[in-house]
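My plan was to go residue by residue and jot down what I looked up.

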Amino acid sequence: MSTSVPKEGDERTYERTFTTAEVREFGELSGDQQAIHTEPNEDGELVVQGLLTASLSTKIGGDLSYLARRMELEFVRPVYTGERITCTWRNESVVERDDRYEIESGVVCTNGDDEIVLEGAISGLIWKG
């Protein structure tokens, strides 16, 4: 369980670089075997599946013991293997209830050139205790 009380304006950041092996494994698990995820481009890169990129936000949510109820994501531009991606999560609103906190959050993922690759809104909750 999360040990801190969530507050409006709280931000968390997580960074990672996806590998070719991870893209291939996610393709096997998800069934998303499009050529862009299995056949390298002229630079030897694969395009990372959008939902694999979105897992950056689920990593942060997991760290917070956040249970997502709704996710609205826009995949703005492709992510390539070997590219460092930074995800920033920000609590936009927090409503305290007797047994939980109901939270609306925004996420933005950017590449090394500071270009947005994914942005979205997530609503969910963190249970108290």
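**Entry 1: S65.** I started with S65, which comes out as partly exposed because its relative accessible area is 23%. Keep in mind that I am working from a predicted model. I looked up where S65 sits and found it in the loop between helix 3 and strand 2. Its phi is positive, about 60°, although S65 is not a glycine. That positive phi comes just after helix 3.

**Entry 2: the whole chain.** I counted three helices and five strands in the protein chain. Going along the sequence, I wrote the order down as β-α-α-α-β-β-β-β. The C-alpha atoms fill a box of roughly 55 × 30 × 20 Å along the principal axes. Of the 129 residues in the chain, 33% are buried. I also looked up the contacts between residues at least 6 apart in sequence, and 68% of them join residues at least 24 apart.

**Entry 3: surface and charge.** The protein chain exposes about 7,400 Å², and carbon and sulfur atoms supply 46% of that. For charges, I noted 13 positive and 26 negative side chains. The centres of those two sets lie 9 Å apart.

**Entry 4: helix 3.** Helix 3 runs over residues 50–63, and I wanted to check its length. At 1.5 Å a residue, its 14 residues should span 20 Å, and the end C-alpha atoms are 21 Å apart, so the two values agree. Where does helix 3 bend? I found the bend at L56, and it is about 30°. L56 also turns up among the buried residues of this helix, together with L52, T53, A54, S57, I60 and G61. What covers the buried residues of helix 3? My list includes helix 1 (20–30) and strand 1 (11–17). It also includes strand 2 (67–75), strand 3 (84–96), strand 4 (100–110) and strand 5 (116–127).

**Entry 5: L118.** Strand 5 was on that list, and I picked L118 from it. Is L118 buried or exposed? It counts as buried, because its relative accessible area is 1% and the cut-off for buried is under 20%. Leaving out residues up to four places away in sequence, L118 touches G50, T53 and A54, among others. The C-alpha atoms of L118 and V76 are separated by 5.3 Å, although the two residues are 42 apart along the chain.

**Entry 6: E74.** E74 counts as partly exposed because its relative accessibility is 47%. Setting aside neighbours within four places in sequence, I found E74 in contact with V117, L118 and E119.

**Entry 7: I116.** I116 is also found in strand 5. At 30% relative accessibility, I116 counts as partly exposed. With residues up to four places away left out, I116 touches V76, R77, V108, C109 and T110. I looked up one more pair: the C-alpha atoms of I116 and T86 are separated by 9.5 Å, and these residues are 30 apart along the chain.

**Entry 8: D114.** Moving to the loop between strand 4 and strand 5, I stopped at D114. Its phi is near 65°, another positive value in a residue other than glycine. Is D114 buried or exposed? D114 counts as exposed, because its relative accessibility is 61% and exposed means over 50%.

**Entry 9: T81.** My last stop was the loop between strand 2 and strand 3, where T81 is found. T81 is a loop residue, yet I noted it as buried because its relative accessible area is 8%. What is T81 in contact with, beyond its neighbours within four places in sequence? I wrote down F18, T19, T20 and V23, and then E45, L46 and V48.

Methods: Residues numbered from 1 in each chain as written. Predicted model: local features only at pLDDT ≥ 70, side-chain atom pairs only at ≥ 80, totals over all residues. Heavy atoms only, no water. Helix = DSSP H or I, 4+ residues; strand = E, 2+ residues; numbered from the N terminus. Buried < 20%, exposed > 50% of the residue type's maximum accessible area, 1.4 Å probe, protein only. Contact = heavy atoms within 4.5 Å. Areas by Shrake-Rupley, 256 points an atom, 1.4 Å probe, with all protein chains shown as cover. Lys, Arg positive; Asp, Glu negative; His and termini not counted. Charge placed at Lys NZ, Arg CZ, Asp CG, Glu CD. Expected span 1.5 Å × (residues − 1). Bend = angle between axes of the 7 residues up to and from the residue.
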